[in-house]
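Hi,

Here is the structure I said I would pass on. Have a look at it first, and my notes on the pockets and the surface follow below.

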Amino acid sequence: AEAVYQTDAWHGVFGLQHSDREYAAIGEEAFVPPVDTAESGVFWVAEREVGTFDLEMGARIGRVEHDPQAGSSADFNTYAVSLGAVVPLNDALRLGANIDMSSRAPVAEELFSDGPHLVTGSYELGNASLDEESLLGLSLSLSYETQRFNADVGVYYHDFSDFIYEAATGAELDELPVFQFRQDDARFYGIELDLEYEVTAWSQGSLSLTAMADLVEAELNVSGNDNVSRLPPMRAGLGLQMNHGVFRASVDYLRVFEQDDVTEFELPTDEYDELRLYAGADWSVGRSVLGVFVRGTNLLDEEQREHVSFVKDRAPAPGRTFELGVRLDF
């Protein structure tokens, strides 16, 4: 339920939320016992203009209750508070800043898992003693937009208390590696960059060049190896996109760098290149849209292992692949 309000200075929304989830995995693959979860909360978001800039803020208070079929129930109180501003520096340049504090209740899988998870190829052990995970987040963004050139750069810093993560133990059960949910303080920080430049334009279309890069670093507040498992590696890419009437085409190149900041029992991942090609057209057919496309991925046919995947060491990404498709939206 929501209630929208507006005054001379402010406009925003008050709201109530409630959800019930009855989770029950059936069969030998069930790694979590049946759990009923109820989540409720009340929230408020608002924004206003203050001089030359926009101010945004919000708050939420919630409660999560897990009631497993076997074992003790677990209740958690959560909160979220945020404050942000977007400041225009001139006609093309905008500065954004945001600070937020929030907490997250552990989900049922993190609390009660005890069995083989065949999707991740691991034996997962929950931790019924987990507390709420809390976060202090800071972010800054800078956006530049003109008729032909757009640029966005953002930096962020996230300080977690009682960060919940899944760690390899080095043990095996049912011939699967055992992963245990744990909780420690942690820090994440990173940068993201997106650029787009319109090379040329004509009456029915345009040709644009794009570029991107992102990097994230993280560390746990523990003695010894403080790396975070399955941390995404640095990436950088270039793309060329063309539109002409109903026709669209693009070629994209992505460089994924090696990731050797690994935890115990985790293997590093080599760098690889990804080259993609797309060409397609969309036609209006009455109230529907008919699309035909061809897509090629991993055109360099390189061995690609996604470091964020549990199964990267056993199942690399597909090799050179072509896909021809027809799509109807109605």
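Predicted model: local features only at pLDDT ≥ 70, side-chain atom pairs only at ≥ 80, totals over all residues.

Let's start with the largest pocket, which holds about 620 Å³ of space. It is lined by 30 residues, and those closest to its centre are Ala 168, Thr 263, Glu 264, Phe 265 and Glu 266. Which strand gives the largest share of that lining? That would be E10, with seven residues. Strand E10 covers 149–173, and strand E11 (176–202) also supplies at least two lining residues. By class, the lining of this largest pocket splits into twelve nonpolar, ten polar and eight charged residues.

The second largest pocket has about 540 Å³ of space. Its lining counts 28 residues, with Arg 235, Leu 254, Tyr 272, Glu 274 and Arg 276 nearest the centre. E11 turns up here too, giving at least two residues, as do E12 (205–220), E13 (235–244), E14 (247–256) and E15 (272–285). This lining has 13 nonpolar, nine polar and six charged residues.

Finally, the surface. There is a nonpolar patch with about 680 Å² of accessible area together, made up of Leu 89, Leu 95, Leu 140, Leu 142, Val 155, Ile 191, Leu 215, Met 234 and Phe 257. One of these, Leu 142, sits in strand E9 (residues 133–145). Patch members need over 30% relative accessible area, and Leu 142 is partly exposed at 34%.

Cheers

Conventions
Residues numbered from 1 in each chain as written. Heavy atoms only, no water. 1 Å grid on protein atoms, 1.4 Å probe; cavity = no way out; pocket = protein on both sides within 12 Å on 5 of 7 lines; lining within 4 Å. Points joined across faces, edges and corners; volume = space filled by probe spheres on them. Helix = DSSP H or I, 4+ residues; strand = E, 2+ residues; numbered from the N terminus. Nonpolar A, V, L, I, M, F, W, Y, C, P; charged D, E, K, R; others polar. Patch = residues over 30% accessible without salt bridge, like charges linked within 9 Å, V, L, I, M, F, W, Y side chains within 5 Å. Areas by Shrake-Rupley, 256 points an atom, 1.4 Å probe, with all protein chains shown as cover. Salt bridge = Lys/Arg side-chain N within 4 Å of Asp/Glu carboxyl O. Buried < 20%, exposed > 50% of the residue type's maximum accessible area, 1.4 Å probe, protein only.
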